[in-house]
Amino acid sequence: MRKGAVVFCGFLMVVSGFAIFTATGWSFKTKLFPLSVAIPLLILSTVQLILMLLGKEETNEGAMDVDFATDVPPEIARRRVVGVFCWIVGFIALVYLLGFPWTAPLFIFLYLRFQSEVSWAGALASAAVTWGCFHLLFQSLVHIQFESGVIQTWLGL
Amino acid sequence: MFDAFIEGLLLVLQWKAFSLMLVGMALGFCVGLLPGIGGAATLALMIPFIFKMSPAEAFAFLLGMHSVAATTGDITSVLFGVPGEAISAATVVDGYPMAKRGEAGRALGAALMSSLLGALIGAFALALAIPIVRPLVLTFGSPELFMLGVIGISCITSLSGSTARGQIKGFVMGLLGLLVATIGQERQSGSLRFDMGLMYLWDGLDFVPVLVGIFAIPEIIDLAVRGTSIAGDRPPEHLSSGVLEGVKDTFRHFWLVFRCSVVGVFVGILPGAGGGVAQWMAYAHAVQSAKDGKDRAGFGKGDVRGVLGPGAANNSKEGGELIPTVAFGVPGSGAMAILLSGFLIMGIMPGPDMLTKHLALTFSMVWTLAIANVITVVLCLAILDQLAKLTYVRGGLIIPFVLLLVFVGSYTANGQIADLMVTLIFGVLSYFMVIFGWPRPPFVLGFVLGKVIETYLFISMTRYGFAWLTHPIVVGLIVLMAIVIAYPYVQQRRQRSREPLHA
């Protein structure tokens, strides 16, 4: 955990360093704001890294943000995190390949059937309802233009 | 004046105007619930429908829809940790942890009641402030507006940790948000910055994919990791009593709600700041009003005051935004700019005429804001029991639908697959922020304010050089910023000096 925190802090230093390096070549007007932000960012993230390495950083207690579940064994938690990331990446890949209108019901069916282990009938019914709602709401009512997927484009559909 | 006030009410209560307001409210209700599809975008979609309406009908329809979207956006934020609207993001920070603790009803009751009070205060401000606010708006030039933005970020960053060292993380996140906001074309010279050779980044990053990624993805991952419902294995709260408790909370912390509403009105009046800023300013104020570090520690973990502040400011800023739009024809936000086009379609020129010739119409807007919010909150309170039950549905059944809504919402920003990638990237970044204890609110505020702050800085530097730093109001605001930053340290020292006495 501590190693990860150090890496994250290092990442912030790299981002600010990159911003400073890139901005120095710009005109005064263009670089004024990015530099006035990136320089203090680099300084503060370096201070934070030094505090971390010296073991003097503050604990997370009191940080104004949510806490994640801690009652799940780390190994299971890691597996579930990887699992849900795979689903998210898979969803985006499906949208790229098939477009939103096809992905919506397909993803709902696949997730409910194979991840949540809902019955075949339940997953199919949910997918059908999703398809109906998606078309009614986003396509007929709000008129959102969804790009076709790569596969439809290849097939000329 | 009083005659115009009553005439304004009668204009809204005409059957056609009232029916159109109800239709607008129904649309706003749905739009508010759906993540990403903003009230401003829907306003734009509805503009073509007002051509055949009278001015009173058109504004009842448009304002009814717009004001309700801000109220119902809080519902999705509380129940699923996904901001229903970009302007409801701050409600997630404490509202969703309350839902996870089994207090969804209480959080929703608090969010809705504070929204209602905020809307009423905003409407009241609109009715009263037009003659007063003109000199105030004219006093604030670019340097003063720049400093106000910087104070907003300082407020929230200085409150991001319980100790001085913890606050470094807050400042780092605020600066990172500002840096991310610089991506894309620089507005003044047109030069490209950090565009990585991608045309998608030329216009900079849109708020919706970033905000949705920052708040929704980590919550979805956490829900999947826990493998339970949002409220976990806790016994269901008695929902109606939970809602009642939330309503009571609003009145228990009435002065906080009032102050946050005033913050919302004030931010709404300032051109360009927008609702995204008002909610975070109000959240920072709610945190700052905590008595000591111990009292403050609950924020971000389900403190009802963190729901009340943004809820009130979100809705009061509607009235605030209308003030410069109606009185000077200067829209305070994107949504108000669209509304301004509605004025022009109706053949009405915002400005002094709105305070003389069309005063009744101006008051009809006040009434629409008030009536639409009262009806929505009463309706929501009636169906809240059913909505809050969603937090007890197994996570595995909720996740795919939330994911779908999240990504459809983010896709609406530009209609490109790249929007989904942005959501994913910021979702991953946000996940690590939470894991390693880096607060997200300063990042979001920095990101939201970045472009506005840079524009004001640029204008200030071009017009005054460094002399703007000596403007009396700027000096006053710099002192205020120093107080804001030093306040937690002073509070901490005071607490430490008290502790041995109590021991």
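Domain bounds come from an automatic or database domain assignment. The model is predicted, so that local features need pLDDT of at least 70 and side-chain atom pairs count only at pLDDT 80 or more, whereas totals for chains, interfaces and linings use all residues. Residues are numbered from 1 along each chain as its sequence is written, and chains are lettered from A and ligands numbered from 1 in the order in which they are written.

**Exercise 1.** State into which domains chain A is divided.

Solution. Begin with the bounds, which give domain 1 as 2–53 and domain 2 as 74–155 of chain A. Then take the centres of these two domains over C-alpha atoms, which lie 38 Å apart.

**Exercise 2.** Determine whether Ser148(A) is buried, exposed or partly exposed.

Solution. Next apply the cut-offs, by which a residue is buried with 20 or more other C-beta atoms within 10 Å of its own, exposed with 12 or fewer, and partly exposed in between, the C-beta atoms being placed from the backbone. Ser148(A) is partly exposed because it has 15 C-beta neighbours inside 10 Å.

**Exercise 3.** Identify the residues with which Ser148(A) is in contact, leaving aside its neighbours within four places in sequence.

Solution. Contact requires C-beta atoms, placed from the backbone, within 7 Å, and on this basis the partners of Ser148(A) are Gly99(A) and Thr153(A). As a further step, compare C-alpha positions: Val95(A) is 53 residues from Ser148(A) in sequence, with 8.7 Å between them in space.

Technical notes:
Two residues are in contact if their C-beta atoms, placed from the backbone, lie within 7 Å.
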